[in-house]
Amino acid sequence: MLNLSEERGRITARVSLSVEEKLKEAAELTGATVNQFLVQAALEKAERIIDRERVIKLTRDDATMLIAMLENPSKPNPALTRAFKRFKK
């Protein structure tokens, strides 16, 4: 729920009449205004996209390999050793 003292932005969209009618019908069926319906639908979609992009999904084999690499890291190669020495200076 929005805090009433929170600053608000404005988003506008131009759509065809057929899209407008479909949105009005869907809003009416849910008991919301068109604006409420659009904001809620857009927010739900945005949250799904953000959640999807923030999560790394691994297969069981990938997860096993990752854990093994973390538990038993390989020794640094000469280039990494030189880079680390430069970084420390």
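**Exercise 1. How many of the twelve residues of helix 3 are buried?**

*Solution.* The model is predicted; local features require pLDDT of at least 70, side-chain atom pairs count only at pLDDT 80 or more, and totals for chains, interfaces and linings use all residues. Residues are numbered from 1 along each chain as its sequence is written, and side-chain values use heavy atoms, without hydrogens and water.

Step 1. Helices are DSSP runs of H or I with at least four residues, strands are runs of E with at least two, and both are numbered from the N terminus. Helix 3 covers residues 60-71.

Step 2. Buried denotes under 20% relative accessible area, exposed over 50%, and partly exposed the range in between (1.4 Å probe, protein chains only). The number buried in helix 3 is zero, so this helix lies largely in the open.

Step 3. From first C-alpha to last, helix 3 reaches 16 Å, close to the expected 16 Å; the expected span is 1.5 Å times one less than the number of residues.

**Exercise 2. Describe the overall form of the chain.**

*Solution.* Step 1. The chain contains four helices and zero strands, in the order α-α-α-α.

Step 2. Its radius of gyration, 25 Å, is well over the 12 Å of the globule rule for 89 residues, so the chain is more spread out than a compact globule. The radius is taken over C-alpha atoms, and the rule is 2.2 Å times the number of residues to the power 0.38.

Step 3. The C-alpha trace spans about 65 × 35 × 30 Å along its principal axes. Buried residues account for 1% of the 89 residues.

**Exercise 3. Where is leucine 43 placed, and is it buried or partly exposed?**

*Solution.* Step 1. Leucine 43 belongs to helix 2 (residues 34-54).

Step 2. Its relative accessible area is 42%, which makes leucine 43 partly exposed.

Step 3. Glycine 31 is twelve residues from leucine 43 in sequence, and their C-alpha atoms are 17 Å apart in space.
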